[in-house]
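Dear colleague,

Please find below the structure that I am handing over to you. My notes on it come after the structure.

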Amino acid sequence: MTPHVDVLVIGAGVSGLTTACLLKKAGLRVEVVEARERLGGRILTQPNPLGGDPIELGAELVHGLPEETQMWLNPIEDLEERGGDFLIFENGKLTSSPSYFVKVSEVLERLSAPVSQDLSFQDWLDQIELEDPDLKEWVTGYIQGYHAADATEISVEALREIERESQEVDAVEGARFFRGGQGEFLRRIEREFAQPILLNHCVSEVHWSNLGVEVRFKSSKVPSIRAKKLVITVPIGVLQSSSGQEGYIEFHPELPQDFQQNLRLFKMGTAFRMSFIFKKAPWIIDPRLADFGMLLDPSPDALFRVWWKRGENQIIGWHGGPDPRLSISSSKEMLEELGVKSLSRLFGLSEIQIKADLEQTFVYNWNSDPYSRGVYPYIRVEGKSAVEKFSKPIENVLYFAGDAGSLGAYLGTINGAIKSGFRVSKEIIGLS
Ligand SMILES: Cc1cc2nc3c(=O)[nH]c(=O)nc-3n(C[C@H](O)[C@H](O)[C@H](O)COP(=O)(O)OP(=O)(O)OC[C@H]3O[C@@H](n4cnc5c(N)ncnc54)[C@H](O)[C@@H]3O)c2cc1C
């Protein structure tokens, strides 16, 4: 049977769009199919109802700047520094003590010493002696928050590599905003692709052999598509889903056993991100807070430990990793309630006052979204080579890309998704 296209790409997130764009530029016939009714995947930008900086419901920061990403953006024109003081809530008040980061960094530096056998971050931390009893709690909070990971599952060997490379590329402290929002960034790649994307095309079956693929869709009204090669950029959470779940893709024949086993070494992290837009921001009335950029509440009972300001009327709260108070189906109302409590404590204002000044709250639950099933992936114990194995094409017909396709500082980031798109396109173009 003649193929309809040279390459079919599943998923119109930043990885799928990058891949499609590069393949098309190389003269290949490409089609992109996407389950949702919109592009972007885990990039979801909305306008601010009061004007000013946009609301990011998914990815917000640019962590480092690999050369691949620079093909789509100009750092001077497009990126915005995150300014402002870093404040910490200690002894009942916000202070500008830098000791938190220094102490946490000192512990993380100890990751660089090799371990004889891979173990979870929690097990590693339990073996370490620290003078300050609060420090273990802080460091665990940092790892779980930043990596959206369970400290009892994340691999210390993979973390070592991520931490080392993140320092090299200044991915954490040097992270910047994309001016105008990540949605603008995405539109730039979409414009360059200059071809309609097949939305509402939820892939349900992939029939493959070394000659090519036939891809079928959930809706029987949508005709199948045949291609010489297939690039799959759906999130790890979707690849790990089970038959009968929305988004699940059945492969005929099954994917090789070693590929399937390798998939289990990844885990999709869970996190909640919340944007509060204020008519009158609580930080305006306190002159000590005039220049804050980020707030940290390291106390164990704080649900949203990290808050950062974006523009004049927006503050974002972040909770990453497991927590007995949350489930993947936690409601927006419940999160808003907990967020208001946190802000009331941090700013020393009543909850009634915070609510009265609040214009709107934005939350999106990626953990229960069937097309993401979490926020971004992390590596479990013994999974240091999982990314490498995931990135190997199968029979030069099936190619996997996305934010799980890049280890080091870029795992689980937009940059990682772009880099893997470059890798896959290069491999395919090399064979064409
Ligand atoms: C709350 C949150 C905050 C984040 N913060 C940052 C940040 O600050 N900086 C950063 O760099 N990264 C951040 N990330 C991670 C970043 O969003 C991702 O790494 C990146 O967007 C992944 O792009 P992708 O193309 O690999 O995957 P996706 O964007 O998930 O694209 C995959 C696409 O596949 C589609 N799909 C799924 N199943 C099917 C199916 N069966 N058939 C057809 N299509 C399907 C999905 O709908 C989706 O559009 C954040 C993520 C979240 C959720």
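The notes below cover the ligand shell, a helix pair and a sheet.

This is a predicted model, in which local features need pLDDT of at least 70 and side-chain atom pairs count only at pLDDT 80 or more, while totals for chains, interfaces and linings use all residues. Residues are numbered from 1 along each chain as its sequence is written.

Around the ligand there are 41 residues, of which Gly 11, Gly 13, Gly 41, Ala 59 and Thr 413 come nearest (a residue is near if its C-beta atom, placed from the backbone, lies within 6 Å of the molecule). Two or more residues of this shell come from each of helix H1 (14-25), strand S15 (271-278) and helix H14 (414-431); helices (H or I, at least four residues) and strands (E, at least two) are DSSP runs, numbered from the N terminus.

H1 and H14 pack at an angle of about 30°, their axes being 8 Å apart (axes are lines fitted to C-alpha atoms, for helices over the stretch in contact, and angles run from 0 to 180 degrees between N-to-C directions). H1 is therefore roughly parallel to H14, a term for angles under 35 degrees.

Seven strands form an open sheet of mixed pairing, in the order S8-S7-S16-S17-S18-S15-S19; two strands pair if DSSP finds at least two bridges between them. Strands S8 (93-95) and S19 (358-363) stand at the edges with a single partner strand each, so one side of each lacks a neighbour in the sheet. S15 and S19 pair in the antiparallel sense over 5 bridges, and Phe 276 has Thr 361 in S19 as its bridge partner.

Yours sincerely

Note on methods. Angles under 35 degrees count as roughly parallel, over 145 as roughly antiparallel, 65 to 115 as roughly perpendicular and the rest as oblique.
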